[in-house]
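Please find my notes on this model below. They take the points one at a time, with cut-offs given where a term comes up.

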There are 4 protein chains.
Amino acid sequence: MDFTFDAPTEELRARLLAFMAEHVHPAEERFHTELVALDDPFAWTTAPVMGELRAQARGQGLWNLFLPVNHYGALPDGLGGGLTNLQYAPLAEITGHSGHLAPAALNCAAPDTGNMEVLALFGTPEQKERWLDPLLKAEIRSAFAMTEPDVASSDATNIETSIVRDGDSYVVNGRKWWITGAMNPECEIFIVMGKTDPDASRHQQQSMILVPRDTPGLEVVRPMHVFGYDDHEHGGHAELRFTDVRVPAENLIGEEGQGFAIAQARLGPGRIHHCMRSIGVAEKAIELMCSRATQRVAFGRPLAAQGVVREWIAESRVRLEQLRLLVLKTAWLMDTRGTKAAHTEIQAIKIATPACVQWILDKAIQTHGAGGLSQDFPLAASYAGIRTLRFADGPDEVHKNSLAKAEIARWQA
Amino acid sequence: MDFTFDAPTEELRARLLAFMAEHVHPAEERFHTELVALDDPFAWTTAPVMGELRAQARGQGLWNLFLPVNHYGALPDGLGGGLTNLQYAPLAEITGHSGHLAPAALNCAAPDTGNMEVLALFGTPEQKERWLDPLLKAEIRSAFAMTEPDVASSDATNIETSIVRDGDSYVVNGRKWWITGAMNPECEIFIVMGKTDPDASRHQQQSMILVPRDTPGLEVVRPMHVFGYDDHEHGGHAELRFTDVRVPAENLIGEEGQGFAIAQARLGPGRIHHCMRSIGVAEKAIELMCSRATQRVAFGRPLAAQGVVREWIAESRVRLEQLRLLVLKTAWLMDTRGTKAAHTEIQAIKIATPACVQWILDKAIQTHGAGGLSQDFPLAASYAGIRTLRFADGPDEVHKNSLAKAEIARWQA
Amino acid sequence: MDFTFDAPTEELRARLLAFMAEHVHPAEERFHTELVALDDPFAWTTAPVMGELRAQARGQGLWNLFLPVNHYGALPDGLGGGLTNLQYAPLAEITGHSGHLAPAALNCAAPDTGNMEVLALFGTPEQKERWLDPLLKAEIRSAFAMTEPDVASSDATNIETSIVRDGDSYVVNGRKWWITGAMNPECEIFIVMGKTDPDASRHQQQSMILVPRDTPGLEVVRPMHVFGYDDHEHGGHAELRFTDVRVPAENLIGEEGQGFAIAQARLGPGRIHHCMRSIGVAEKAIELMCSRATQRVAFGRPLAAQGVVREWIAESRVRLEQLRLLVLKTAWLMDTRGTKAAHTEIQAIKIATPACVQWILDKAIQTHGAGGLSQDFPLAASYAGIRTLRFADGPDEVHKNSLAKAEIARWQA
Amino acid sequence: MDFTFDAPTEELRARLLAFMAEHVHPAEERFHTELVALDDPFAWTTAPVMGELRAQARGQGLWNLFLPVNHYGALPDGLGGGLTNLQYAPLAEITGHSGHLAPAALNCAAPDTGNMEVLALFGTPEQKERWLDPLLKAEIRSAFAMTEPDVASSDATNIETSIVRDGDSYVVNGRKWWITGAMNPECEIFIVMGKTDPDASRHQQQSMILVPRDTPGLEVVRPMHVFGYDDHEHGGHAELRFTDVRVPAENLIGEEGQGFAIAQARLGPGRIHHCMRSIGVAEKAIELMCSRATQRVAFGRPLAAQGVVREWIAESRVRLEQLRLLVLKTAWLMDTRGTKAAHTEIQAIKIATPACVQWILDKAIQTHGAGGLSQDFPLAASYAGIRTLRFADGPDEVHKNSLAKAEIARWQA
């Protein structure tokens, strides 16, 4: 269990910290100004600053860092990647300090990261050329369409979208929502989860298929809001309707019935990326909380001198240190023993991270007073984002239930 | 300690429940549609449905119910009012079920309620005729400008806005933010808190003054957001700048140096109204949680059959029943012994209510999955609103500190 | 919903407070000294001071106050009783201030209270004369034998003790534990719950029967400890073994199959008594916490000036006020509509009370440092006692589950 | 940051696990039986089984494992020691599974461990020969007398015991309590903290001195109880009175004024040992909880199938994994950078461990029902022990305050 950051990681950390200071943080205000000026507020990838940041990041080798070396091997020249989870972890944490701008600038933003992994692992050569290559170059964006409005999607057998073979095509029918990134017109390709065989065994019913945005019958119904935010700065969350959407049979990813397995393979790394970035969010919150507590005076003393505020700060630090170590252990386990061996730890960080970070954000908000809920600080938006993680790819309760079953079984063996 | 709802209250409850079912709930969708069609999204009072609802409410005697009989005596014919706090409590709870629409329709919405109370209690006959009368008729709206961006406003000595006597005028300079309702152009009058004598004793420095919206030098800088909401459906929250704003000396409310006392007098009833409505919010959340838990199936059983969800529902009910009783006791104390005698209880409900209701909303959201955070249910918007109550007119921590001091003193006596 | 203490209650409160100050508190040290001197430490009723206190209490009409007027009518001269639950509530709270001494001195201590109620409600004239009469006079003590070591007793169908009819007798076989009071040799009579018909429907299988202590085959196996305490000062908690214990058929209470119904009838009042006394325990803890915080200085300031301690005190007061109101409401409901109509509220206080009081005790202990866990303050012993209430007559989780089912059903109707 | 257990550690773990299975666990019942038979219940070291276990442990090289190699160098043949903190950590965790028996059998029990460290680091050759040598051989026991009844001892300036130079002697006067192990007559030597110079600067006032048990004027007043436990099985906790207790000047440890520094040096390792063992306690609790949940059936299903119990188990596992990693990191930091560099982490585990383990124990108790609080399971006694850690060598609040100050300072630099 060795979490030491190796020399390449330390070098990358230094380079990334410099990149954040020189390029990302100064660009934040410009990004928001450019977004306001767009005709379509969701077309965030067309903000000029985004193109500039990406060119700089790619030029500095800060590109596609998320793509694990053991998934894809060496990427072609200049496309980056090639790190282990443990190497990527401290980098992802750093990007978490700046909300959505840094991950996107480095081509390390969800849901594209997970989609690239799916294509890298399960895609045919043709699928890779057509979709993975432009994604790795950030020429297009993608979305992952799993969640449905009418059922508890955490139970994959509930999925109602159908994918029916018809000659050389598959025909997709169904409704999806919370499809992150899909409001952006540059989001050109959707990976859609549906059932090809509702009568197969529990985890063989589902398949995944590639559906290009311009396919007839695919309708973007509306944007979903999260606590009042439409999240246009990273493409929003769409409700979609698929009505007799026909795509060539070769758009299927892997085999029929492999959908559940692909989803599982996708979720492990996705979860750890979210957790790493969330720790960055929490670090930022602690920094803001300490800074505010020092500056704000009430009843003759700065907040920083008041016991209750100190209690919040101490608890925040103590909780976050524990969480970070568990995330690092999980990354190390995934690297050394594989995603399956890290199953319990992946569940554990999925459970622990949003609870911890939400708690810290709540205290940071309280330290800021009303300002903490406003657009003047990133805290409320971070809170909204972290809150969604408590049900993103399955509510906490499902993961706790599953983890407990395994724990109980350990003691029965 | 008698909390029995008397016959007039029971009659009003029945009338109000019918009004909600027949008029308010059916109007909710129309209200939002009309808001979208407005040129100025903050001009919520110009939505036609609002006028209709108000006419109906006033016609049915469901008007100005908040205005306590002992503050103002009998109102002129048809203007309502005249209830005790204990009579008003169950009515306010009912209006809490429908978010902002019901309180506004009944002319019982903050901040106008508090402002009407201030004018009723401390206004001169001229001030009452000019401002209170149209407020009681809902012909205009008002705002209360106390919070400042640069200081912890919970400590009144921190206030930086100056109100300086100059001949027959007062000149106001300063910045305010989170001035609820002030984005609405129909919000015609501001009650502004500032310092007339920074050298006076701690609670004699402040005064309150009436500043009409169109006074030169008063600038509406921008709307503040709460989480991602701009709360345009009740006039938003404005940042204001006062630059050499000159008003006649007779605009002062009460005497110079009375500002702190007036603020205190205003806050008691305001807090209890917030708490009553918040309990309605929580009741609605429990209803939605139970309903969702019954309909949603995961892993072969409805959520309502799952132990953790039942734990949430039971805890919600047990906590809310306790809270409601404390609010009723506080109302009864205010009615029978006055606001001062109810000081500890008013603090207690100010502390207890947001914590309890926020907890219930969080569980209701979790039961709804991602939908719970969206515009499809009122839960996330309610959460945002309730969250602000943890620092509205002083953060929890200030009130806890004060309540504890009094408790400790009890045992030293 | 009128919780006003009526004139007789106020008069009794004054009399009881005087009795506590003059007699009970001064006797506490003597009681513990006398207990140490006993041959059998569990024979607490033989401590001379107990007899004196009882005589004084009975002489002052502070006797059997727990026995509700509507259960038994007027008691014979000098035996007290005759209060409503709402009248008894504030008196029980006062007795909670002094641990076990006050309830016992007033003949208002569990489990005798519940046993007297059972006999009053369901006993034959012979049973009343033989057992109820000396219990009302505190000449003997009793125990209630329901919980069993091998099964989850919260589910009454789990009960394994058998009560088998054999001619004119019943024969009892089984094991019981946590039989409070039973280590005291003056505990002369046991009410035993067992199954007379394991094949009957779920709630018709059980019966209750009177078993005198000296019946052959009844063995007191050992005392149970609670957190290191043997609770000898109120008769401990025994493990019992019943081996072919034969009693006359007329010892059955009520009818065969009525055991579950009698248990339910017994539990309602028992729960509310526990809750009332627990509130007294919490009040005492707040008093001790405030007093300690004032006296103890660390790092140059008394604890009472430190924010975290003030937070504890404020939270304690705010939580306890809510809890007390819910308990009073429950008492009022039981008085005015009966135990059945108060079912949800009785569950609610059973859930809410130990959680609230345990929290307060934990903070009071922390304020006292190591002393708080020691024999020098009543806090740790109170904590142990309150902790048992989280599973006494059914763990919290069973009650929450049941309350939630009812809440969900409300919204489906 | 490398937490891998090296080969010697793995070998020791295997040897210790075997020793626990073969010797310690089978001895537990015998130990308690032998304790009951003792004339002085506190003379736990005279229980024959203890001697046997010690001989076996020492014979197997499982002896004095706690004594860090960098404090004392190689111990003489057969006296063990010589591990790093990271090597010792998993061994200490294993001993935590069996309460007090295993640490004592391995001569790794507090307070002797800390006292041996103090003597090893600060003792003169004569002090080492006289006291350290027999302690390393477990021929005698020792106590550490710091806490005082009348003041908040977490603030060292509060200490009231005086140590006054008088010719060739020092004279000690004062009161101490919670002096663990001191009720055991084989506890022959006390390390006493007192003030030699009350007028010196804050952390130069205190000194430490060796006081043999039989010194005139040293009185063992009474045993202190923790909840209801007297903890006789490891020597109890004594209240002591020092009246003109005269010892030779050479009994001083280190220099006058060094007392605070020695205490600090002692506490770092002591805290980490407590935390390691506490994790073992929590592991045992999870094991018992899972086992009980599998065996116990209520309402037709084992507890292990019920959602709320699963939630407890999952939370327990997730919290404990995080805590263990933080403790390991702290051990690694102490080994590689020294105790001072690990200051924040030592505070963090001091804060986090009792809170986490107490939570787990509470849930394990609840899963066991009343049995969980009794002598039939180790849970309640463990709870009592862990609860004391929330103020042992300073309450949580002091450590949180200090940690927060450092965190705030980081962001101001």
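1. Start with residues 257-406 of chain A. Their end C-alpha atoms lie 26 Å apart. The span is 77% helix and 3% strand. Helices here are DSSP runs of H or I with at least four residues, strands are runs of E with at least two, and both are numbered from the N terminus. The UniProt record, an unreviewed entry, annotates residues 257-406 of chain A as "domain: Acyl-CoA dehydrogenase/oxidase C-terminal". UniProt positions follow the numbering used here, feature names are shortened, and annotations may be inferred rather than shown by experiment.

2. A word on the source. This is a predicted model, where local features need pLDDT of at least 70, side-chain atom pairs count only at pLDDT 80 or more, and totals for chains, interfaces and linings use all residues. Residues are numbered from 1 along each chain as its sequence is written, while chains are lettered from A and ligands numbered from 1 in the order in which they are written.

3. Chain A as a whole has 12 helices and 10 strands. Its radius of gyration is 21 Å, close to the 22 Å that the globule rule gives for 413 residues, so chain A is as compact as a globular protein of that length. The radius is taken over C-alpha atoms, and the rule is 2.2 Å times the number of residues to the power 0.38. The C-alpha atoms fill a box of roughly 75 × 60 × 45 Å along the principal axes.

4. Of the 413 residues of chain A, 59% count as buried. Buried means 20 or more other C-beta atoms within 10 Å of the residue's own, with C-beta atoms placed from the backbone.

5. Chain A is assigned domain 1 (7-109), domain 2 (142-257) and domain 3 (260-412). The bounds come from an automatic or database domain assignment. The centres of domain 1 and domain 3 of chain A, over C-alpha atoms, are 21 Å apart.

6. How many residues of domain 1 of chain A are in contact with domain 3 of chain A? There are 14, and they meet 18 residues of domain 3. Contact means C-beta atoms, placed from the backbone, within 7 Å. Helix α4 (residues 85-96) of chain A gives the largest share of the domain 1 side, 8 residues.

7. Now the copies. A rotation of 180° with 0.0 Å of shift along its axis superposes chain B on chain C, at RMSD 0.0 Å. The two copies are thus related as by a two-fold rotation axis. B:Asp2 comes closest to the axis among chain B residues, at 1.9 Å (C-alpha).

Definitions and conventions
A residue is buried if 20 or more other C-beta atoms lie within 10 Å of its own, exposed if 12 or fewer, and partly exposed in between; C-beta atoms are placed from the backbone. Two residues are in contact if their C-beta atoms, placed from the backbone, lie within 7 Å. Copies are superposed by least squares on the C-alpha atoms of residues with pLDDT of at least 70 in both.
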